[in-house]
Amino acid sequence: MDFTIKVGAAAGEGAFVTGKVLGKLFARGGYHVFGYPEYPSLIRGGHNSYQVRISDGTIESPRRENNIILVLNPDAYAFHIETLAKDGVIIVDKSFAPGKDERELALPIADLIKEAGGDMRMKNTLLVGVTLGLVGYPLEMLEQLLEEIFGSKGEEVVNANKRVARAGYEIGKDHKKWEIVPKGEPKYYIAGNEAAGLGALSAGLRFYSGYPMTPASSLLHFLISKRGKLPLAVVQSEDEIAAINQAIGAAYAGVRAMTGSSGGGFALMTEAVGLAALAEIPLVVYLAQRTGPSTGMPTWTEQADLFQVLGASQGEFLRIVLAPTSIPENYRLTGEALNLAEKYQVPVFVLVDKFLAESNATLDSLPPIPIERGPIILEDMEELPLMKRYPRYKDTETGVSPRPVPGVRGGYHIGTSYEHREDSFTTEDFDERKKQVDKRMRKLAHILNESYPPIVEGNGRVAVVAWGSQKGPVFEGAKKYKRIAFNWVYPLDKEKVKKAFEGVERIVVFENNATGLFSKLLYMETGIKPDALVLKYTGRQFFPEQVEHALEMLEEKDFQSPDPIRYEEDFEKYEFYAPWRYKVK
Amino acid sequence: MEFNTPEKPQWCPGCGDYGIHTALKQALHEVGAHPKDTVIVSGIGCGSKIPNYVRSYGLEGLHGRVIPTSVGIKIANPELTVIGIGGDGDGFSEGGNHFIHGARENFDIVYIVQDNHIYGLTTGQASPTTPKGMKTKTTPDGNMINEFRPVPMALVAGATFVATAFAGDIMHLKEVIKEAIAHKGFAFIDVYQPCVTWNKLNTYDWYRERVYKTTHDPSDWNQAWEKAWEPYVTDFEKIPLGVIYKKEREIADDFFSPGRKNLVKEPLDPNGIDVSFLAKEFL
């Protein structure tokens, strides 16, 4: 089963709420759901849409085709009608229904609401009711959810919504075309950033600091909403520079700390990444990419900040870059990032993008993430003799040194942005300098040893490769081929990567950027070179249909293309909708 | 003393940093602070080398970022005595935004500025507090720009403890630092400090002729405001020293960290935390 419902509306008309309600209802019925929002960088005006894709099995991507489309205004009709399945239904208000398409279900929405004793704010409730009726999904589940949503507003509001929902449901039932019934245990329906927040909290996050920036803001909102429910401080900082330095301070003090932003905010944080590295203070940075450079297209997606992360801050130092490939993985890896940061005392990045951060997916459960803190010292030690410091930066076999935190007797030392001796005192002694660089770099072998091997599915001579968020659409569109995805992006273990590519003769890499950044990194780190690159940098992620199409094109060339395959006209027929082709009235 | 280090600071002979260093250690000792519960946070500059010369915990961070770094430490572990310290270029130029918002939000830290009106470590450029007319490497014909006024600025921004002191009067400075440590909220001390190498105008003698200990009521905003402006309205003929303003109000730490627990001491289950109780809204 693979069923898709899309809601299209002007910004502020409630497309997201409607979509999320539908997503939650099907998740409660045990389905796998993927929810995908699109919106321009505006608060009012412009066009918003939300697609809910429902399936029996795991899904990690939206798709182009829709079975049901709910449109709340004439623009939405024009934008989305092309993506309606042949046997689909478009639910539309009679006042602006063109009336030329037999797939239209034109409703006198205002009259129906009035008859049911509701008001026009309940338009979305009505449409959800119609949709559930069309697929035969139990109305009681919607009624239950309406009670939860509107309960605080009083019985009358709940009852009016229920009446409107029922009125819609009855109409839907009269046109019933499909049969979708609850099939199992409820699942969590969670957005990428919320999954990251939950994962971090499961792994013991105690401090988060951030400054609002799309698409990272919703992580800040989520964590603030959990303040007071467990030991947690969340600071809305005066700027991103403050945010990262606050997180470094908190981490130095001995708590698990994280900061987050998008590329622009992270540019401001850059200098402090080096401080964390030199002072060996465990730090996690959650970076949700959007379309750049500069302000770019703030509410759209891209994978173009990889080298920004790899090159952030002056000097040479180790860092770890994770790129979760799905929303459940964002839960796990954001938690793991906190482990890696403390075990190796290096900066760790969780590199996601708008597509992953703001889409929703279902999770069966939220398994606790085991906490490994590395050599942190939290208990008092023997008092040090006067005039002595603790050897915080002791040259060890693994390169990682025991780390007492303030409050611990006998651990006196400073965290410092200067090169330092073992006892943390500033030094310009060449031997000490070299010793400390070697010590810090020695961690690499241990980090590589722990690094995750690429995710491999399927077999064959052609490998289709993605990294981070693009795994979902790329794997779905490349089912015929061997599929390889990277969630551990840097540093790469040559042997593990080569093993994943064993038996492969052709390599096609899909990237959501204009220059194939990950392919360059892959070549630099492992010598593996793709035979063809497929690049999309319009502001949208790939759709499975596009991946399929690109691979068909490449098949004719035996999957070899000296020039990258770029997003062209013939890709557009696989797009969601193209609002830029229409005049918004 | 428990805060002494084997290494001796290497500032220029006669540098005001020596006085601040001595007063700080003495103040910590006298308030009974233990090195294990003390964190000296600095930025970058001559004076910012100070964490190297105090045997306690410390974080010598980035130029301009003394306040956010201190804030992160204090919020994580409110039981610590966190002293942020840095120069005037560090705090008022590079870190101006943090100064304004640190004062506004009233974080529970001490913030000492070693205010010598010049960039020392980078060899003598004009700073935000360089007096008008002064010649420096970057103002070879004399500084044309109005100076930054830290004390009125701190007041306007909402600091709840604002004081001035003079690096040449260690006993007084020490007492002011002790009072700042005892204060709950953002405690700012602007320490007038001669730079014997680069600032030939604001010398020890220059200050001694102008400074006096103020005896006004620091809880009275109007009197505080008058004292804050006195150096500027008298063309630096009269420079008051001491607590200019002091009035406690709610601190941001309580807002950002409800219950204000010592988050370091909150136990962490090695098996991970079951967060399903936080995810009910997603079911």
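What follows is a chat about how some labels in this predicted model were reached.

Modeller: Ground rules before we start: this is a predicted model, where local features need pLDDT of at least 70, side-chain atom pairs count only at pLDDT 80 or more, and totals for chains, interfaces and linings use all residues. Residues are numbered from 1 along each chain as its sequence is written, while chains are lettered from A and ligands numbered from 1 in the order in which they are written.

Biologist: Fine. What makes residues 240–253 of chain A a helix, α9?

Modeller: Helices are DSSP runs of H or I with at least four residues, strands are E runs of at least two, and both are numbered from the N terminus. α9(A) has 14 residues, so it clears the helix cut-off.

Biologist: And how do you know what span to expect for α9(A)?

Modeller: The expected span is 1.5 Å times one less than the number of residues. For α9(A) that is 20 Å, and the helix reaches 20 Å from its first C-alpha to its last.

Biologist: Why is α9(A) called largely enclosed?

Modeller: Because 14 of its 14 residues are buried. A residue is buried if 20 or more other C-beta atoms lie within 10 Å of its own, exposed if 12 or fewer, and partly exposed in between, with C-beta atoms placed from the backbone.

Biologist: Then is Gln345(A) buried or exposed?

Modeller: Gln345(A) has 26 C-beta neighbours inside 10 Å, so it counts as buried. Its loop runs between α12 and β13 (347–353) of chain A.

Biologist: Why is Thr123(B) called exposed?

Modeller: Because Thr123(B) has 11 other C-beta atoms within 10 Å. It sits in the loop between β5 (118–119) and β6 (125–126) of chain B.

Biologist: What is phi in Gln345(A) and in Thr123(B)?

Modeller: Phi is near 55° in Gln345(A) and near 75° in Thr123(B), each a positive value in a residue other than glycine. Most residues other than glycine have a negative phi.

Biologist: How many residues of chain A are in contact with chain B?

Modeller: 59 residues of chain A, meeting 55 of chain B; contact means C-beta atoms, placed from the backbone, within 7 Å. α9(A) gives the most to that side of chain A, with 10 residues.

Biologist: What makes β17(A) and β2(B) a pair?

Modeller: Strands pair if DSSP finds at least two bridges between them. Three bridges join β17(A) to β2 (residues 57–60) of chain B, and the strands run parallel. Gly415(A) stands opposite Leu59(B) there.

Key
Two residues are in contact if their C-beta atoms, placed from the backbone, lie within 7 Å.
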